[in-house]
Amino acid sequence: MDPELILRGVFFRYEQQWCLRGIDFELRKGEILGLIGPNGSGKSTLLRIIDGVLKIPKGEILLRNKPLSTYKRGDIARQIAMVPQESTFRFPFSVFEVVIMGRFPHLGLFPFEGEEDVKIARQSMRLTHTLDLAKRSINELSGGEKQRVLIARALTQTAHIILLDEPTSFLDIRHKVEIFDLISSLTLTQGLSVIIVSHDISLAAQYCHRMLLLDKGGVYKIGEPAEVITADTISTVYECPVLVDKNPISKTPRLTVLSRRGEGKREMI
Amino acid sequence: MRGSEDQGITLVKVIVTGLILLGILIIIILISLSLGPAKVSLRDILAWSIGHGALDQQAWMIIYKIRLPRILLAGLVGFSLSLGGVVFQALLRNPLAEPFILGISSGAAVGAIIGIVFGFGFHLGVPLLSFMGALFTVLLVISISSRQGGLESATLLLTGVIVNAFFTAVIMFFIATTSDSRLHSMLFWLYGDLSQSKYIQLSVSLPLILIVSGIIYFFSRHLNLIVGGEDTALQMGVEVELVKWVSFLGISLITGVVISFSGIIGFVGLIVPHLMRMLLGPDHRLLIPASAIGGACFLIAADTLARTIISPSELPVGVVTAFLGAPFFIYLLKQRGSKWTQS
């Protein structure tokens, strides 16, 4: 099967400094691809390039075998949806109102959603377990609920690729797992392909089919979690001593960050 | 009030709400026509307005020549300022924004005050200078804060505040150095004065206001997305910079025109959008028309009070809007807590 998305030799720079230099990879259908790397390694930039907000000066991106540059903005928005790290609504939009905004790229000149749009929004809310929240104000929700609503909005775009930019950063462990479980089930049932940026490396390793480790704007390694997450690669790229062993249950790599101060606990003074 | 929101905003809902508000507007206009130093009964006005029966010569003069143009202008000013408020609150993602926040009012005031100091007329010279002052300020603020074609909200706000402070100093300079009757004119201009209303002002501003409102309405669902974050809006296919430029310039243009006729009337552009948002929700497809018509209602009512409450004398209408608006606003704030503005 043809990949959903192919990147070949993608370069990008904001001003003088190149922040992406020659990125090659592909996203397969139904795959969860974990994007990891230190701060400033270009993860968010890469996502913004894939969703077409930033234009690349050099390289090629193919979305379903057609160059991304030949798509109109709205066409991209119907195929690729982005879930931001967090989203602040200054005014109290209800959860339903936020979710149905996902229909924006599908509306023509007539600025109102029809029955079909409402049906799609409700279906997305059912899938993300946010239907009960429909009338609540988006600003009253907890972090985990809010992320589920933003995922519902992405589903309402009826995109087949979903990009998530650190969706679990502000969540506690239970809600982190909930979000990963949700994404995992959506790829299975809805045939979505997902790129997820995450700093929860051990957790992501349990869910991602493959992982891509970015370093200084280049692909350091891409492959199955066990190939990418080794003590050697992680400690080199993150410049931080780590221990990698196996999660006894999932058998996926498990990361322990080591203190630079050596072994043992510090004594209290 | 927001019972059926799980069906979203529909065209029917917008039209029904619009018609209800227009009905309220017409009632307010009719009541306002009947109020004033010379009594004209509401029944006579009703008969006259639907073409049954004529008013006597004197009543007709008062209604048609004096009260009606003033009421209609008050309506247009309220309409424009509330429209400006709701759009600026969305674009700047700031609940405190109002149409004057980019310094346009102080720029207009400097123009008007220069006009008054040098004895230009209230029908052409003062409005013209005030409009030029407003336009100059907006272009100044925008050119200072735009970077590579982008308008960044925080920079715009800061620049607006600083330009405002500078022009306020200029205004104070003129006030401090003027001592004759022109001082009274200046103060009235600074707090809003609709007593100089003429039909010609309506025909100048109405087409412009209609065009700008139409464009802004077209952008209403774009504004919904911008409120949720510019990045998301961009990703969904909103031309964020285009929406910003067109809206800032369009709103500044109509604000500049209407305040050149009315002087500075505060509070309308802040309170009416908030009130409507509480009643109808934050979706701009409903909020924009509701705020605009609501603003017209509010300002006509306020101006009616301004010209009748200490009759035969008059208050500046800005005094009434702030005097009534501020306590009401605080009451609502206490009632609703932070539910409708919290981040």
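**View 1. Confidence along chain B of the predicted model.** Chain B has a mean pLDDT of 87, with 95% of its residues at 70 or more; pLDDT is the predictor's confidence in each residue, from 0 to 100. Helix α13 (residues 284-308) of chain B has the highest mean among the elements of the chain, 95. Strand β2 (residues 150-151) of chain B has the lowest, 76. Helices (H or I, at least four residues) and strands (E, at least two) are DSSP runs, numbered from the N terminus. Over residues 1-5 of chain B, pLDDT stays under 50. The model has eight contacts beyond four places in sequence for residues 1-5 of chain B; a contact needs C-beta atoms, placed from the backbone, within 7 Å. In this predicted model, local features need pLDDT of at least 70 and side-chain atom pairs count only at pLDDT 80 or more, while totals for chains, interfaces and linings use all residues. Residues are numbered from 1 along each chain as its sequence is written, and chains are lettered from A in the order in which they are written.

**View 2. The side of chain B that touches chain A.** The predictor gives the complex an ipTM of 0.85 and a pTM of 0.88. Here 30 residues of chain B are in contact with 30 residues of chain A. Helices α9 (220-227) and α10 (230-235) of chain B each supply at least two residues of this side. α9(B) gives the most, five residues. By class, this side of chain B has nine nonpolar, 12 polar and nine charged residues. Ala, Val, Leu, Ile, Met, Phe, Trp, Tyr, Cys and Pro count as nonpolar, Asp, Glu, Lys and Arg as charged, and the others, Gly among them, as polar.

**View 3. Helix α3 (residues 57-91) of chain B.** The end C-alpha atoms of α3(B) are 50 Å apart. This agrees with the 51 Å that its 35 residues should span at 1.5 Å a residue; the expected span is 1.5 Å times one less than the number of residues. α3(B) bends by about 40 degrees at R67(B), the bend being the angle between axes fitted to the seven residues ending there and the seven starting there. A proline, P69(B), follows within four residues. Just after α3(B), R93(B) takes a positive phi of about 50 degrees.

Notes
Two residues are in contact if their C-beta atoms, placed from the backbone, lie within 7 Å.
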